[in-house]
Amino acid sequence: CDWSSDVCSSDLDHPSSVCFLDSITGIIGARNTKIYKTIDGGNSWVAKNIVGNIGNNEEFNKLFFLNDNIGWALSDYYVIKTTDNGEKWYVQLNAGGLNSINFSDSLNGWIARGNGRPFKTTDGGNTWIEQINLDFYFSSDVFFYNINNGFLNNSGPIYKTTDGGQTWVYTVYDFGGRFSKKINSKLFVVGSVAYKTTDQGKTWEEITELYGKDLAYLDLLNANFGYAVGTLGLIINYDAKVPVEFNLLNIKNEYNRVHLSWQTTTETNNQGFIIERKPNNRDKWTNLGFLEGAGNSTEIKKYDFFDEI
């Protein structure tokens with residue numbers, strides 16, 4: 001990748017969040033109660049007006065856009081909203097410990113809080129109601145698929161609701177986890193560990209290759225491609241466009257042999273599979289055999305391989 005600086009950090013007042021709506025239109029949240037906008041891909045940035053009573057030292061460190069026109073920016077104490085593509089912003093809420101914001105549509109939204117129960121709105125943010133029926137006194141992030149189905153990270157335990165936040169049930173644990181943008185049916189949560197769900201949280205699949213990476217955020221550009229950043233200084237590329245997609249792998253000891261079985265959901269130009277074995281006390285792998293693949297397929301294919309002991 002080739003990275004360059006369009007604007008020196010001294011030109012803007014300590015930018016702390018960024019969101020691009022397309023290839024040329026972007027928004028930056030910054031310190032000292034500043035919101036900037038670009039319409040030329042970041043070559044120039046213009047400070048935008050904020051209407052309403054607001055402090056002079058706010059840092060907008062969270063941006064959320066529902067579409068090209070409607071979006072919100074959060075500081076620790078204020079919520080501001082735009083309905084005209086980021087040209088003008090209006091103060092909606094003054095409260096403490098605001099961590100994250102998410103809207104399922106133009107009316108229904110939630111705010112995760114660091115020092116109190118979460119807020120909910122049903123009128124686009126004109127009024128926010130603290131959810132005093134909940135025992136969540138610290139929440140780091142929130143995400144809703146629709147008005148009824150969503151998740152709240154309670155500083156580690158992630159809870160799910162299917163009734164608009166009236167009741168919540170524990171699903172998985174991810175300390176510091178942040179939800180990605182949902183594309184198609186795919187949603188990630190990354191933190192001390194990373195998980196993926198494709199069925200609205202009914203099941204979560206741990207992404208073992210990201211264990212210990214301590215990721216801060218994952219942004220998807222499409223269902224199969226995106227980038228993640230970590231607190232250890234990592235920038236990780238996510239690319240799911242692989243020639244073979246697996247949905248099952250089983251390994252079973254059967255008396256004097258090991259039975260390997262697997263299934264694929266799609267195969268693209270797949271010649272086949274090489275099976276290798278390595279004892280725990282050895283450094284090298286031994287080639288055991290080859291199974292011919294399906295070539296190109298969008299149907300489930302089943303494979304079996306037996307390693308005689």
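**Exercise 1. Decide whether Glu 59 is buried, partly exposed or exposed, then find its salt-bridge partner.**

Step 1. Glu 59 has a relative accessibility of 29%. Buried means under 20% relative accessible area, exposed over 50%, and partly exposed in between (1.4 Å probe, protein chains only). Glu 59 therefore counts as partly exposed.

Step 2. This is a predicted model, in which local features need pLDDT of at least 70 and side-chain atom pairs count only at pLDDT 80 or more, while totals for chains, interfaces and linings use all residues. Residues are numbered from 1 along each chain as its sequence is written, and side-chain values use heavy atoms, with hydrogens and water left out.

Step 3. Now look for the partner: a salt bridge joins the side chains of Glu 59 and Arg 31, at 3.9 Å from N to O. The term asks for a side-chain nitrogen of Lys or Arg within 4 Å of a carboxyl oxygen of Asp or Glu.

Step 4. Glu 59 sits in the loop between β5 (49-51) and β6 (62-65), and Arg 31 in the loop between β2 (26-30) and β3 (34-38), so the pair ties together parts 28 residues apart in sequence. Strands are DSSP runs (E, at least two residues), numbered from the N terminus. Arg 31 is partly exposed too, at 40%.

**Exercise 2. Describe the salt bridge between Arg 277 and Asp 307.**

Step 1. The two side chains meet at 2.7 Å, N to O.

Step 2. Arg 277 belongs to strand β26 (residues 257-277) and Asp 307 to strand β28 (residues 301-308), so this pair links parts that are 30 residues apart in sequence.

**Exercise 3. Work out the surroundings of Thr 197.**

Step 1. Thr 197 is found in strand β20 (residues 194-197). With a relative accessible area of 1%, Thr 197 is buried.

Step 2. Look for polar contacts (N or O atoms within 3.5 Å; within protein, one must be able to donate a hydrogen and the other to accept it, and residues adjacent in sequence count only if both atoms are side-chain atoms). The side chain of Thr 197 makes one with the side chain of Asp 199, at 2.9 Å. A polar atom of the Thr 197 side chain also lies 2.9 Å from the backbone oxygen of Thr 203.

Step 3. Beyond neighbours within four places in sequence, Thr 197 is in contact (heavy atoms within 4.5 Å) with residues including Tyr 145, Leu 187 and Trp 204.

Conventions. Helices (H or I, at least four residues) and strands (E, at least two) are DSSP runs, numbered from the N terminus.
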